[in-house]
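Here is a short report on one protein model. Please look over the sequence and the structure before reading on.

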Amino acid sequence: MIWVDLDHTLIYVWEPLISTPFMSAIFGRPMDLEPPPLLLPRFKRIDVAGLGVGHACARRSARKFLEALRVLGETRMLTSATRQYAEAMNEIFELGFSEDQIVARENLADATKLKVDPKGVLIDDASLDPIGRNYSRGTKLRYLGISERRVVEVAHFRGEVDDPFDRQWPAHLKRVRVLLKGRRAT
């Protein structure tokens, strides 16, 4: 089975860094309630009740990549986000996952005891925390019961106009195919 992360892998949600007058005064910078002008045309304005999301975009190649993955095998979303958020983004960006193909934060709560797909492949972004670890990925690996060798790492997506993923996704697809066949990926 193929498992695909959501945030920074398929989509990007822009959040302001300085969102209140108090923060503006503390940092001595104006509030940034809109994405940078260069990126704004790529974003959809989103108002999902209770999620606090203002602007988001999907990778240009996300749906094409998902279509190609689905030809290789069953493809599911595996995210550290809440189910409500994941389902909303799936619908807004027409990613094509059914409700039972979305595994969200609520499902990962008991990840240390589960090994749901030891032969699965995880597609995840290359984001790391400040000390060089991806804690979210570790939880996903424990949930699936796989090692880091079964991860296809894609470029971290932040809404860029020139997204390297648009050129790289065919190579990622090839690596997924090799891992699914049980051979070592080079």
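## A charged pair at helix α4

The side chains of Arg137 and Glu148 meet in a salt bridge, at 2.5 Å from N to O. A salt bridge here is a side-chain nitrogen of Lys or Arg within 4 Å of a carboxyl oxygen of Asp or Glu. Arg137 lies in helix α4 and Glu148 in the loop between α4 and β8, so the pair ties together parts that are 11 residues apart in sequence. Helices (H or I, at least four residues) and strands (E, at least two) are DSSP runs, numbered from the N terminus.

Arg137 is buried, with a relative accessible area of 4%. Glu148 is partly exposed, at 43%. Buried means under 20% relative accessible area, exposed over 50%, and partly exposed in between (1.4 Å probe, protein chains only).

## Basis of the model

This is a predicted model: local features need pLDDT of at least 70, side-chain atom pairs count only at pLDDT 80 or more, and totals for chains, interfaces and linings use all residues. Residues are numbered from 1 along each chain as its sequence is written, and side-chain values use heavy atoms, with hydrogens and water left out.

Asp5 sits in the loop between β1 (2-4) and β2 (11-14). Asp5 is buried, with a relative accessible area of 4%. Its side chain makes a polar contact with the side chain of Lys140 at 2.7 Å. The side chain of Asp5 also makes a polar contact with that of Thr9, at 2.8 Å. A polar contact is a pair of N or O atoms within 3.5 Å; within protein, one must be able to donate a hydrogen and the other to accept it, and residues adjacent in sequence count only if both atoms are side-chain atoms. Leaving aside neighbours within four places in sequence, Asp5 is in contact (heavy atoms within 4.5 Å) with Leu10, Leu78, Thr79, Ile123, Asp124, Asp125 and Lys140.

The structure holds 10 salt bridges. One of them joins the side chains of Arg59 and Asp163, at 2.7 Å from N to O. Arg59 lies in the loop between β4 (55-58) and α2 (62-72) and Asp163 in the loop between β8 (151-154) and α5 (165-180), so the pair ties together parts that are 104 residues apart in sequence. Arg59 is buried, at 2% relative accessible area. Asp163 also counts as buried, at 1%.

## The sheet

Five strands form an open sheet in the order β6-β5-β1-β7-β8, with parallel pairing. Its edge strands are β6 (102-103) and β8, each pairing on one side only. Two strands pair if DSSP finds at least two bridges between them. β1 and strand β5 (residues 75-78) pair in the parallel sense over three bridges. Met77 in β5 is the bridge partner of Val4.
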